[in-house]
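Welcome! Take a moment to look over the sequence and the 3D view before reading on.

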Amino acid sequence: KLRHYGLWHYFKGGGFGDRTGERALLIAQGIRAANRREGRHHTVFVVGDTVHDVAAAKANRALAVGVATGTTTASDLEAAGADLVLDSLEGAIIHFARPD
């Protein structure tokens, strides 16, 4: 998805669905990859568009950024416990990622 939408260059690694279908494990995988590459971080952001993404972030003690661009509403993301809810990432992506 990231490559298709021209976003891959903003990321150095992560957790990917081709390795496991369980979202909490995907997040844990991404955190481990980031720790190996960049060193341990005190704050981890998980950006997702479903309540499952929010739950997976919380299961990994990460901050959940819900983006209401999919079928899940902003109020549902907020009710699921998202720490921040955005209508879209337009204009916000530069705050969460950086190009190589």
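Predicted model: local features only at pLDDT ≥ 70, side-chain atom pairs only at ≥ 80, totals over all residues.

The sections below walk through a sheet, a helix beside it, a loop residue and a core.

Let us begin with an open sheet of three strands, which pair in parallel in the order E1-E2-E3. Strand E1 (45–48) and strand E3 (84–86) form the edges, each pairing on one side only. On average, neighbouring strands of this sheet are turned by 20 degrees against each other, direction ignored.

Follow strand E2 (residues 63–67) and you will find three bridges joining E2 to E3, with the two running parallel. Val67, for instance, has Leu86 in E3 as its bridge partner.

## A helix on the sheet

Helix H2 (residues 51–59) packs on this sheet, where H2 touches E1 and E2. The direction of H2 makes about 170 degrees with that of E2.

## The loop between H2 and E2

Arg61 sits in the loop between H2 and E2. Its phi is near 55 degrees, a positive value in a residue other than glycine. Is Arg61 buried or exposed? With a relative accessible area of 80%, Arg61 is exposed, because the cut-off for that word is over 50%.

## The nonpolar core

Now turn to the largest nonpolar core, which has 10 residues, among them Ile27, Val46, Ala57, Ala62 and Ala64. Helix H1 (23–38) and H2 are the elements that give two or more residues to this core, and H2 gives the most, with three residues.

How values were computed
Residues numbered from 1 in each chain as written. Heavy atoms only, no water. Pairing = 2+ DSSP bridges. Helix = DSSP H or I, 4+ residues; strand = E, 2+ residues; numbered from the N terminus. Axes fitted to C-alpha atoms, helices over the stretch in contact; angles between N-to-C directions. Contact = heavy atoms within 4.5 Å. Buried < 20%, exposed > 50% of the residue type's maximum accessible area, 1.4 Å probe, protein only. Core = buried A, V, L, I, M, F, W, Y, C linked by side-chain atoms within 4.5 Å.
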